[in-house]
Amino acid sequence: MYEQVIAINVGLAMLLAMSLNIITGFAGQPTLGHAAFYGIGAYTSALLTAKAGWPFLLALPAAGIMAALVGMLLGLFSVRVREDFLAVTTIGINFVVVAIFQYVEFFGASMGLAVPKPEMFGVRFGNTEILGLLIVLNVLVYLFMRHLPHSWLGLALGGVRNDEEAAASLGYNADHYKVFAFTIGTFFAGMTGSVYAHFMGFISSTDFSFPVSIGVLSMAVLGGLGTVSGPLIGAIILTLAPEVFRFVSDYRMLVYGGLLVLMMRFQPQGLVGDDSFLQRIWAAVRGRGKEGKRHG
Amino acid sequence: MFFQQIINGIVVGSVYALTAMGATLVYGIMRILDISNAGAYAIGAYVSFFFLLQTGSPMVALVMGIALTAVFGFLVQKFLYAPLMNKSPNVSLIAGIGLFIFLQDFLRLVAGPQARELNFGVLLPSLQFPKIGLTLYGTWFLIIGATALLLFILWYLLNRSSIGLAWRATAQDLETAKAMGINTNRVVAFNFILGYGFAAVAGILVGILYNSIYPTMGDVPAYKMLAVIVLGGLGSPWGTVLAALVIGMAETLIGGYVGFFLPRDAIAFVVLILILLWRPQGLLGRRRAS
Amino acid sequence: MAEAKELLKVMGLKKYFGGLKAVDGVDLSVRRGETMGLIGPNGAGKTTFFNMVCGAYTPTEGKILLDGHEIQGLPAHAVARKGIARTFQITKVFKDMTVEDNLLAAFALRRAPNLWSSLGRSHTRRNREEAMEYLERVDIAALAQSKAGDLSLGYMRRLEIARALALQPILLMLDEPCAGLSKDATHDFMELTGKLQAAGTTIMLVEHNMAVATALCNRMTVLSYGVKIAEGTPQEVQSNQAVIDAYLGEAEEA
């Protein structure tokens, strides 16, 4: 079903945008190569199920762990190489990972990899089951994201994001928290990759190329980096945009690019960021009674 | 064979230096990774192509291609980047990517998706040295010569003109430059005119080199130039030249000579990552005081 | 063993930046409960000295003993865990976080000491109430839900001090806490410091302004060109000829 496929794509995008938000939104570290971890998860899961005969139930977390291990390495790298240097390095990681998938025989090279449809508890996974799994994962990750701003980890990442020196003066080892953020974020991205692989039934290196990373970052920034719901909204909008603009299909990329420019120019804090127009409407609707109190 | 690879490397490096110079200049002042500069690269080539068709004059085509792209750079600065200057770098980055996607698709819609010949009628003889297996193509001299000339012009502008002096002061520290009475708005505008002008020259020259332009010709420069400017030390024009040569050499030597299993782009980034591990501030970058 | 009278003892501390001897063999001690002022003209090496004690710089040579334990060369976060809290000359509040969150961030040291425990909930009622107590101490409880970056400089300084106090440090280090403050805000700060002193807090402060330092400190150490030129009560230091010369020299240069 067409709607189901779109819903699955939205679900995958939401997971990716949330996972990126942990690293870029909360820890403040640039990530322009998130698709690499998505890909590592996908390939890990594909290889484990197709070649090693692992059940999907085990391959799913294994995909997350494999991505997290590489993510941890990137985190360690981020301790030494910073800001824009790090940003471009993450692009590099994306290219290198994609090139390895594309040129190494073990990963199917240019032929890609066929991925068996998963089975769990005797149920063979069709799109409906994949969608159900995605809903479960989205709810879990969303609950984690909602918890984050009220957790010690959220405060620590806030400190690292704002000022590493000040964070250190409060006893935080900024390096540890950076690596931790990369590890968690890439873990979620890897799990998402696993779901993607088993949904598609076939993966190839281009599914995880640099433009995919840009797309995920755009979602998070568009919705509002560092907010809980922003990346979800961004993921929904940017995944649905090509469908909505199908009637002007020849202008799709033009509209997409123009939309990004206008959104950044006029809502740089994201759709649900501080003082965004949505937030002002929300405040106006909710706060009519409160307004008097605050000034009273 | 070896000499051939070395000269290949220098040519590729020159192309990269040209291509990355615009984004280097923009970064020097604005501290943003300006991916739309790769859009200007394609725009420059196409504007030039248009005027070549209309007038048949390579000179007019060259001048108009550069001038109009430079004006475009001024407008991009004024209406897009300047208002975003104090926002998170992610915002400018995504805005630049959006603009890049927009420009590419705009070119596709206006000029069609097919590749076009950008034939300036430059006919330079090739030199052959069969004994050492070396062929020197005429267009290579054009590229290396043009790069050298442009770098000289840039050096002259930055070191011998008053606006260049202001540029260097602003690149050091925008707030201090402002406090010293430098009109930083003018510097920023000049910066974009120069940066986008450079992008246009690069696009035109590469178009001539391969005798082909197409709407997505900015795709590879969009990320390759980032690798080059970061390796150079971000915002250092001479670092960019050095990094371009290093990456050009590495790609041709490792790719063509050693026979590495990964493609060019990946080699460039592997080199980048390894060098950054050794020098996190890039080749000629200074560690900024924290 | 009886508690040593000296909480912080610095011996022969040096920091060379290439050929520049920013701090060149300084001894200093801070006694429990006192306020020690580190003063001196611009470029005397005060901030460098301060940063070495806080772990921001690694000393070239010398020892720093906190409560008898060597801490020189430890990274800043480890120094904080040993019980030294600091503020910054250019305030470093977490600007995009609320005042309350800034404060809560300082509790992690005691409540969530490692990565795994950091997954726990920080905004419990108990923690938030405790955060309010610290904010009340510096009179900014009403601003708890404001964004820290929106505060005035004076309020940011107070927030920084509250955040430092929330670490429950054994030594509080303040780096030019009055720089850039208005007269009123400076007065407020001195009042606040008076309260902290009354509560027995040990304080070390870097101060450029002689009047502020004189009013606040029990003892002072004067640095000039990286070496100690005087030490003693404010009265002793003020009448010391070397100190007068150092400050006069600066006035002439300016």
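At what angle do the axes of helix α5 and helix α8 of chain A cross? Let me start there, and keep in mind as we go that this is a predicted model.

So, α5 of chain A covers residues 127-147, and α8 of chain A covers residues 174-200. Their axes cross at roughly 170° and come within 11 Å. Angles over 145 degrees count as roughly antiparallel, and therefore that is what we call α5(A) and α8(A). Who makes the contact? From α5(A) we have Ile130(A), Leu133(A), Leu134(A), Leu137(A) and Val141(A), and from α8(A) we have Phe188(A), Met191(A), Val195(A) and Phe199(A). By class, that contact has 9 nonpolar residues, with no polar and no charged ones.

Okay, on to how the chains meet. Chain B puts 35 residues into its contact with chain A, and chain A puts in 31. On the chain B side, the elements supplying at least two residues each are α4 (89-111), α9 (219-232) and α11 (264-278). Of the elements there, α4(B) gives the most, with 12 residues. That side of chain B divides into 29 nonpolar, 3 polar and 3 charged residues.

Now chain A against chain C. Here 20 residues of chain A are in contact with 31 residues of chain C. On the chain A side, α6 (152-162), α7 (164-169) and our friend α8 each give two or more residues. Which element gives the most to that side? That would be α6(A), with 7 residues.

Next, the core. The largest nonpolar core has 282 residues. The members touching the most other members are Ala17(A), Ala181(A), Ala227(B), Val228(B), Ile247(B) and Met173(C). Helix α8 of chain B, residues 184-210, gives the most to this core, with 16 residues.

Last stop, some strands. Chain C has an open sheet of 4 strands, in the order β2-β1-β4-β5, with antiparallel pairing. The edge strands are β2 (20-31) and β5 (69-70), each pairing on one side only. Strand β4 of chain C, residues 61-66, is joined to β5(C) by 2 bridges. And which residue of β5(C) is the bridge partner of Leu65(C)? It's Glu70(C).

Key. Residues numbered from 1 in each chain as written. Chains lettered and ligands numbered in written order. Predicted model: local features only at pLDDT ≥ 70, side-chain atom pairs only at ≥ 80, totals over all residues. Axes fitted to C-alpha atoms, helices over the stretch in contact; angles between N-to-C directions. Parallel < 35°, antiparallel > 145°, perpendicular 65-115°, else oblique. Contact = placed C-beta atoms within 7 Å. Nonpolar A, V, L, I, M, F, W, Y, C, P; charged D, E, K, R; others polar. Core = buried A, V, L, I, M, F, W, Y, C linked by C-beta atoms within 7 Å. Buried ≥ 20, exposed ≤ 12 C-beta atoms within 10 Å, placed from the backbone. Pairing = 2+ DSSP bridges.
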